[in-house]
Amino acid sequence: MKAITSFPRWQPVCHRQDLVARSGVVALVGEHQIALVLVPDSEQGDTVFAIDNRDPRSGANVIGRGLVGCVQDEPVISSPLYKQQFRLRDGQCLQYPEQSLRIWPARINGDWVEIG
């Protein structure tokens with residue numbers, strides 16, 4: 001039997017130069033507002049994260065305006081309204097485990113930022 005491997009279909013959403021280090025930029029992809037967050041790393045290179053822009057507590061599309069930082073070496077973004085923090089790697093809320101944000105695979109491919 002042959003194994004089936006599924007690869008994400010990468011879609012360009014903005015240029016690399018549109019991103020600001022340690023800040024969110026929001027892109028409309030289909031019907032989803034997606035916050036793109038660039039986290040620079042001098043050792044491993046820049047990492048871009050794609051996370052839902054809609055705050056699950058308020059319902060407002062504001063996550064991309066949140067503060068970006070680290071909690072226990074994990075990159076997080078804080079909601080600008082209620083200040084709850086979400087891990088950028090998996091979308092999990094640190095203060096309220098029942099809350100989470102959808103994430104998408106993201107990468108920098110040449111001059112483009114792409115999501116899968």
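## Cysteines and disulfides

A disulfide is taken here as a pair of cysteine sulfur atoms within 2.5 Å. By this rule, the predicted model contains zero disulfides. In general terms, a disulfide is a covalent bond between the sulfur atoms of two cysteines.

Cys93 illustrates the result. The closest cysteine sulfur to that of Cys93 belongs to Cys70 and lies 16 Å away, which is too far for a bond.

## The open sheet

Four strands form an open sheet in the order S2-S3-S4-S8, and their pairing is antiparallel. Its edge strands are S2 and S8, each of which pairs on one side only. Strands of a sheet pair through backbone hydrogen bonds, in either a parallel or an antiparallel sense.

Within this sheet, S2 is joined to strand S3 (residues 32–39) by six bridges in the antiparallel sense. One of the residue pairings is that of Val25 with Leu36, its bridge partner in S3.

## Strands S5, S6 and S7

Strand S6 covers residues 74–78. Antiparallel pairing links S5 and S6 over four bridges, and S6 and S7 over three bridges. At the level of residues, Cys70 has Pro75 in S6 as its bridge partner, while Ile77 stands opposite Phe86 in S7. Four of the five residues of S6 are buried, so the strand is largely enclosed by the rest of the structure.

Both pairings are hairpins. Between S5 and S6 there are two residues, and Gln72 in that turn has a positive phi of about 50°. Between S6 and S7 there are six residues, and here Lys83 in the turn has a positive phi of about 65°.

## Positive phi outside glycine

Asp73 is found in the loop between S5 and S6. Although Asp73 is not a glycine, its phi is positive, at about 65°. What is the accessibility class of Asp73, buried or exposed? Asp73 counts as exposed, with 74% relative accessibility.

Arg22 lies in the loop between strand S1 (11–15) and strand S2 (24–29). Arg22 likewise has a positive phi, of about 55°, without being a glycine. With a relative accessibility of 53%, Arg22 counts as exposed.

## Asn53 and the loop between S4 and S5

Asn53 is placed in the loop between S4 and S5. Its relative accessible area is 1%, and Asn53 is therefore buried. Which backbone atoms does the side chain of Asn53 approach? The side chain of Asn53 reaches the backbone oxygen of Asn61 at 3.4 Å, and one of its polar atoms lies 2.7 Å from the backbone nitrogen of Gly64.

Beyond its neighbours within four places in sequence, Asn53 has contacts that include Val26, Gln33, Ile34 and Ala35. Its contacts also include Ala60, Asn61, Val62, Ile63 and Gly64.

## Gly66

Gly66 belongs to the loop between strand S4 (47–52) and strand S5 (68–71). Gly66 is buried, with a relative accessible area of 10%. Not counting residues up to four places away in sequence, Gly66 touches Ile77, Ser78 and Pro80. Gly66 and Gln85 are 19 residues apart in sequence, and their C-alpha atoms are 9.1 Å apart in space.

## Gln99

Gln99 occupies the loop between strand S7 (85–87) and strand S8 (103–104). With a relative accessible area of 12%, Gln99 is buried, because the limit for a buried residue is under 20%. Leaving aside neighbours within four places in sequence, Gln99 is in contact with Pro56, Arg57, Gln84, Phe86, Gly91, Gln92 and Cys93.

## Aromatic rings

How many aromatic pairs are counted? The count is zero, where ring centres would have to lie within 6.5 Å of each other to pair.

Notes
Residues numbered from 1 in each chain as written. Predicted model: local features only at pLDDT ≥ 70, side-chain atom pairs only at ≥ 80, totals over all residues. Heavy atoms only, no water. Buried < 20%, exposed > 50% of the residue type's maximum accessible area, 1.4 Å probe, protein only. Contact = heavy atoms within 4.5 Å. Pairing = 2+ DSSP bridges. Phe/Tyr/Trp six-rings, centres within 6.5 Å; stacked < 30°, edge-to-face > 60°. Polar contact = N/O pair within 3.5 Å; in protein donor to acceptor, adjacent residues only side chain to side chain.
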